[in-house]
Amino acid sequence: RMTEFTSTETAKEIRPIDLEDLLGRPQRVLDRELMQKFLQGRKVLITGAGGSIGSELARQVANYSPSHLLLLDYSEYQLYAIDEEIGNLAPHVMKSPLMLDVRDRTALEAMFEEHKPEIIFHAAAIKHVPLAERHVMETLHTNVLGTRNMADLAIEYGAKAFVLISTDKAVMPSSVMGASKRAAERYCQRNGTIWQRVRLNGIGCTAFSKAAGARRACDGNGP
């Protein structure tokens, strides 16, 4: 499908790349009824809510009428942007933008005390592999200690579910980013029944993905 062309009298254009082109398998259909039961009427916290993964989670969760959507990010602009977008997308949903650092346990504890989230999607992380190699301590503090803070507080404050957004690079890791996410997974495993893990691949899931890079190159007439 990636090699299909659309023809006109004056030019030939390559059809935009779809993520389904890269899957190599049929796309799985979301069980919307199950998601409705899981999210409706619940306080849902999304960390890294302004990032490529967190913002998509926020859009999807807003469709299922949570009682309160907590959008947590340390980037002022990204938090502002997703807060505005969700306000337009789902004006009926109560939401709170929270500019917090997942490495700051004291600030996180105050937030948990105030809001007591029931469902947590932990997407905040340093994901860019070359940058993680250059900034090892920042990566470990965010991906490992930040996850530890979130997991500990989820247990302490009685969260019903904690979903760690991880990466396929955590399988037999060969990079700082992969090793840090593997360590985060192993720490969360001790939390038992409330813990879930979702591993995403590097082909099309983030702003740093190969698909995103290909799109940018094509849009700019690059190689």
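Predicted model: local features only at pLDDT ≥ 70, side-chain atom pairs only at ≥ 80, totals over all residues.
Start with the whole picture. The chain has 223 residues, and 39% of them count as buried. Now think about who touches whom: take the contacts with a separation of 6 or more, and 69% of them are between residues 24 or more positions apart.

Next, zoom in on helix H4, which runs over residues 76-89. Its 14 residues reach 20 Å from the first C-alpha to the last, close to the 20 Å expected at 1.5 Å a residue. Which residues of H4 are buried? They are Leu79, Ile82, Asp83 and Ile86. These four sit on the same side of H4 because they cover an arc of only 105° around the axis. Turn to the face pointing away from that buried side, and you'll find the exposed residues Tyr77 and Asn88. So what covers the buried residues? The cover includes helix H3 (52-62), along with strands E4 (68-73) and E5 (95-99).

H3 and E4 turn up again if you look for open space. The second largest pocket holds about 600 Å³. Of the 27 residues lining this pocket, Asp73, Gln78, Ala125, Ile126 and Lys127 are the closest to its centre. H3, E4 and helix H7 (136-156) each supply at least two residues of the lining, and H3 gives the most, with three.

Most residues other than glycine have a negative phi. Ser65 isn't a glycine, yet its phi is positive, at about 55°. You'll find Ser65 in the loop between H3 and E4, where it is partly exposed, with a relative accessible area of 28%. Lys116 is another case: it isn't a glycine either, and its phi is also positive, at about 45°. This lysine lies in the loop between helix H5 (105-115) and strand E6 (119-122). Is Lys116 buried, exposed or partly exposed? Its relative accessible area is 40%, and since buried means under 20% and exposed means over 50%, Lys116 counts as partly exposed.

Note on methods: Residues numbered from 1 in each chain as written. Heavy atoms only, no water. Expected span 1.5 Å × (residues − 1). Buried < 20%, exposed > 50% of the residue type's maximum accessible area, 1.4 Å probe, protein only. Arc of directions from axis to C-beta. Contact = heavy atoms within 4.5 Å. 1 Å grid on protein atoms, 1.4 Å probe; cavity = no way out; pocket = protein on both sides within 12 Å on 5 of 7 lines; lining within 4 Å. Points joined across faces, edges and corners; volume = space filled by probe spheres on them.
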